[in-house]
Amino acid sequence: MLKQSLTTLFAVVSSAYLPFVPLAAQAETPTYYADHYQGSPTASGTPYDASGYTAAHPSYRLGTVVIVTNLNNGRSVEVLVNARCNCGIDLSKAAARSIGLLSSGVAPVSVRPR
């Protein structure tokens, strides 16, 4: 009994240090990087490029390609997660433009790994 309890405790404690990786699409509210971040280093070490198709996400592993779909118009874009954020998802300006977020200002999106 004690061994099983310790094993369970270890599993819970060690999983707290692993990044959460969602397996299914999640509904999120997106934002996009402002122009003044152009050239600033991202969490992955690469400079932010407003014309690239990248994103910041709080839980997907860096290097993950995700598909972001605007739920209002059905338009999708594939982006590479190369940074961290404290909100749902931060898209590069080009990615936000391609799914109609620049013109609408805000829209619900689904985010799922490719």
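I started with D35, which counts as partly exposed because its relative accessibility is 46%. My scale: buried is under 20% relative accessible area, exposed is over 50%, and partly exposed is in between (1.4 Å probe, protein chains only).

A note on what I am looking at: this is a predicted model, where local features need pLDDT of at least 70, side-chain atom pairs count only at pLDDT 80 or more, and totals for chains, interfaces and linings use all residues. Residues are numbered from 1 along each chain as its sequence is written, and side-chain values use heavy atoms, with hydrogens and water left out.

**Entry 1: the layout.** I found 3 helices and 7 strands in the protein. Helices (H or I, at least four residues) and strands (E, at least two) are DSSP runs, numbered from the N terminus. Read from the N terminus, the order is α-β-β-β-β-β-β-α-α-β. Of the 114 residues, 35% are buried.

**Entry 2: the charged pairs.** How many salt bridges does the structure hold? I found 2, taking a salt bridge as a side-chain nitrogen of Lys or Arg within 4 Å of a carboxyl oxygen of Asp or Glu.

Back to D35: its partner is K93, with the closest N and O atoms 3.1 Å apart. K93 sits in helix α2 and D35 in the loop between β2 (30-32) and β3 (54-56), so this pair ties together parts 58 residues apart in sequence.

The other pair is E78 with R114, whose closest N and O atoms are 3.2 Å apart. This one also links distant parts of the chain, as E78 is in strand β5 and R114 in the segment after β7, 36 residues apart. I checked both partners: E78 is partly exposed because its relative accessibility is 40%, while R114 is exposed at 63%.

Which residues does V79 contact, leaving aside its neighbours within four places in sequence? I listed Y53, T54, A55, T64, V65, V66, V68, L91 and A95, where contact means heavy atoms within 4.5 Å.
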